[in-house]
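Welcome! Here is a short briefing to read alongside the sequence and the 3D view.

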Amino acid sequence: MTTDRLESLMRFHPFTRLNKLLESVQAGGGNTPLALSVGEPQFAPPAMVARLIHEQAPLWGKYPLPTGTEPFRQAVAGWLTRRFRLPDDMVDPARHVMPVTGTREALFHIALSAVPEVGPGEEKPVVLMPNPFYHVYAGAAAAAGAEPYFLNATGENSFLPEIAAIPEAILKRTALAYICSPSNPQGAVAPLSYLCDWLALARRHNFVLASDECYSEIYRGTPPHGALEAARDLGGQNPASLDNLIIFHSLSKRSSGAGMRSGFVAGEARLIQRQAQLINFGGVATPYPILAAATELWQDEEHVQGYRAKYIENFNAAQDALEDIFGEVRAEGGFFLWLDVGDGEAAAQALWQHAAIRVLPGGYMARPDANGMNPGQRYIRVALVLEPAEMSAALKRMAPVLERVVDQQRKAQERAKMV
Ligand SMILES: Cc1ncc(COP(=O)(O)O)c(C=O)c1O
């Protein structure tokens, strides 16, 4: 029997499912429709981007190399060293860093690189991922012919999947694990000890640890840790080994530059080399003018601080608008609200119908577990990506609708208990 990998995947594409959910619902309330379903910052990108790309215009004529330019790799290595307080010689710009055209493609490619071919009758390799998760992880696992293994991230484990709960038989088959901190959708920030435990596990079982850190610069308190710090602290060699580790960073969130399609991967030299090989066969290398702008952006923190302040304002506005319904709503990192509304689909429909606001039902980012429980089903994800004045107005528009939905859900639950 043959199976169509892409077909089975598309059934789970969150935004296709959202379009279907809302297609027969009229956007209501006489309001201008707003999309808070997608994690796309709506702030103006830094002015320097347009200037730098313009200055480099002659380079549009050149095929770029997958490995980028030396100034780019040096800027990234410098940023990583400063940001994560690494020893100067730990990240070698020539071997440990490579640009990517956004991290989505690179997160996809790492599965193609890490998952081995198996012989007839052999069990499929496993790819571990949190549940809920960024949909690309599952897409990549399926395309690579692996079996995804979902690790529930719930309120009970502070949205950090429990490493100790992974069965030994699964670890034996694991080729790759995706982790994400600050996490999408919940904004949970992993302690350094948690990242160390993952890296130690990856080395013990010789799988690749893919640490998705694209929200690392959006936080409310102290800067989130990164997995390179785990490599530093596990030590073992001098300079510290990057074995089994690859990390993913992006300008899409940090620099409000989603349309630039620019990020980087860093980690074990062999893994970086393989990512470059995949670009040579079926990917896109970052164009030189974009790379020139990205090189400057990784050396500038001022614009990042400005965006961070806006997200803090947006979280505070959310707290003001929604506290009476949900209590504390502010996440430690990232820019999403993750709200327990009882039934995510019902809430998404109500918000579209009564406030013309699109949000993502949490269940669309997750899969049912062995007990049939979908850990995202009760939630909606709301992207706080508008300018603060607009965001505050949108949150005020959402609050009465959400209050009604939550109230209805509570009453329905009480009725169910009485039956
Ligand atoms: C968790 C996570 N990882 C990676 C990405 C990919 O971002 P980009 O391809 O723009 O770098 C996103 C984008 O929404 C995301 O939410």
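**Around the ligand**

Helix α5 gives the largest share of the shell around the ligand, with three residues. Please keep in mind that this is a predicted model.

*The ligand shell*
- The ligand is surrounded by 14 residues.
- The closest of these are G102, T103, R104, S250 and S252.
- By type, the shell divides into seven polar, five nonpolar and two charged residues.

*Helix α5*
- This helix covers residues 103-114, twelve residues in total.
- From the first C-alpha to the last, α5 reaches 16 Å, close to the 16 Å expected at 1.5 Å a residue.
- Most of α5 is covered, as ten of its twelve residues are buried.
- T103 and R104, among the closest residues to the ligand, are also among the buried residues of α5.

*The whole protein*
- The protein has 15 helices and twelve strands.
- Its radius of gyration is 22 Å, which agrees with the value near 22 Å for a compact globule, because that is what 419 residues would give.
- Along the principal axes, the C-alpha atoms fill a box of roughly 65 × 55 × 40 Å.
- Of the 419 residues, 47% count as buried.
- Among contacts between residues at least 6 apart in sequence, 76% join residues at least 24 apart.

Definitions and conventions: Residues are numbered from 1 along each chain as its sequence is written. This is a predicted model: local features need pLDDT of at least 70, side-chain atom pairs count only at pLDDT 80 or more; totals for chains, interfaces and linings use all residues. Helices (H or I, at least four residues) and strands (E, at least two) are DSSP runs, numbered from the N terminus. The radius of gyration is taken over C-alpha atoms; the globule rule is 2.2 Å times the number of residues to the power 0.38. A residue is buried if 20 or more other C-beta atoms lie within 10 Å of its own, exposed if 12 or fewer, and partly exposed in between; C-beta atoms are placed from the backbone. Two residues are in contact if their C-beta atoms, placed from the backbone, lie within 7 Å. The expected span of a helix is 1.5 Å times one less than its number of residues. A residue is near a molecule or strand if its C-beta atom, placed from the backbone, lies within 6 Å of it. Ala, Val, Leu, Ile, Met, Phe, Trp, Tyr, Cys and Pro count as nonpolar, Asp, Glu, Lys and Arg as charged, and the others, Gly among them, as polar.
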